[in-house]
Amino acid sequence: QVQLVESGGGLVQPGGSLRLSCAASGGIRTISTMGWYRQAPEKQRELVAEVASNGVITATDSVKGRFTISRDNAKNTVYLQMNSLKPEDTAVYYCNSDLWDNLGRRLVRWGQGTQVTVSS
């Protein structure tokens, strides 16, 4: 069974940095897209950044120049390096993957979420 396991959230002061990791495992044939979404209290979940299998990156404007997404295909892992964090980046961050499993099924999977809090 395909699973996404996240790590790296926490509490950081404004201007600080955090790095999130998400590893996919369990009967994966190939991964199309891996990325990160976030959901702040009383707000809708939004795309932060995602990277396609061909390396094309899509990111929301508010994080451009501050966040960097990268992917290690050999490890089925995606990273989000977050620098110059702001209080408005506070949210639960969810890993997301669009993939094909070993049975030939196309699946969309979500991680369990990791809390990122930016506060002094």
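1. Asp89 and Arg38 are both buried, where buried denotes under 20% relative accessible area, exposed over 50%, and partly exposed in between (1.4 Å probe, protein chains only). The model is predicted: local features need pLDDT of at least 70, side-chain atom pairs count only at pLDDT 80 or more, and totals for chains, interfaces and linings use all residues. Residues are numbered from 1 along each chain as its sequence is written, and side-chain values use heavy atoms, with hydrogens and water left out.

2. The side chains of Asp89 and Arg38 form a salt bridge with an N to O distance of 3.0 Å; the term requires a side-chain nitrogen of Lys or Arg within 4 Å of a carboxyl oxygen of Asp or Glu. This pair links distant parts of the chain, 51 residues apart: Asp89 belongs to the loop between β8 (77–82) and β9, and Arg38 to strand β4. Strands are DSSP runs of E of at least two residues, numbered from the N terminus.

3. Arg38 also forms a salt bridge with Glu46, the closest N and O atoms being 2.7 Å apart. The relative accessible area of Arg38 is 6%, whereas Glu46 is partly exposed at 33%. A network of salt bridges links Arg38, Glu46, Arg66 and Asp89.

4. The structure holds six salt bridges. One of them joins Lys64 to Asp61 at 3.1 Å, N to O, and both of these residues are exposed.

5. Strands β4 (residues 28–39) and β5 (residues 46–52) run antiparallel and are joined by six bridges; strands count as paired if DSSP finds at least two bridges between them. Tyr37 stands opposite Leu47 in β5. The two strands form a hairpin with six residues between them, and Glu42 in the turn has a positive phi of about 65 degrees.

6. β5 also pairs with strand β6 (residues 57–59), in the antiparallel sense, over three bridges. Here Ala49 stands opposite Ala59 in β6. Four residues lie between the strands of this hairpin, in which Gly55 takes a positive phi near 95 degrees.

7. Asp101 lies in strand β9 (residues 91–101) and counts as buried because its relative accessible area is 4%. Its side chain makes a polar contact of 2.8 Å with the side chain of Arg105 (a pair of N or O atoms within 3.5 Å; within protein, one must be able to donate a hydrogen and the other to accept it, and residues adjacent in sequence count only if both atoms are side-chain atoms). The side chain of Asp101 also reaches the backbone nitrogen of Leu103 at 3.0 Å.
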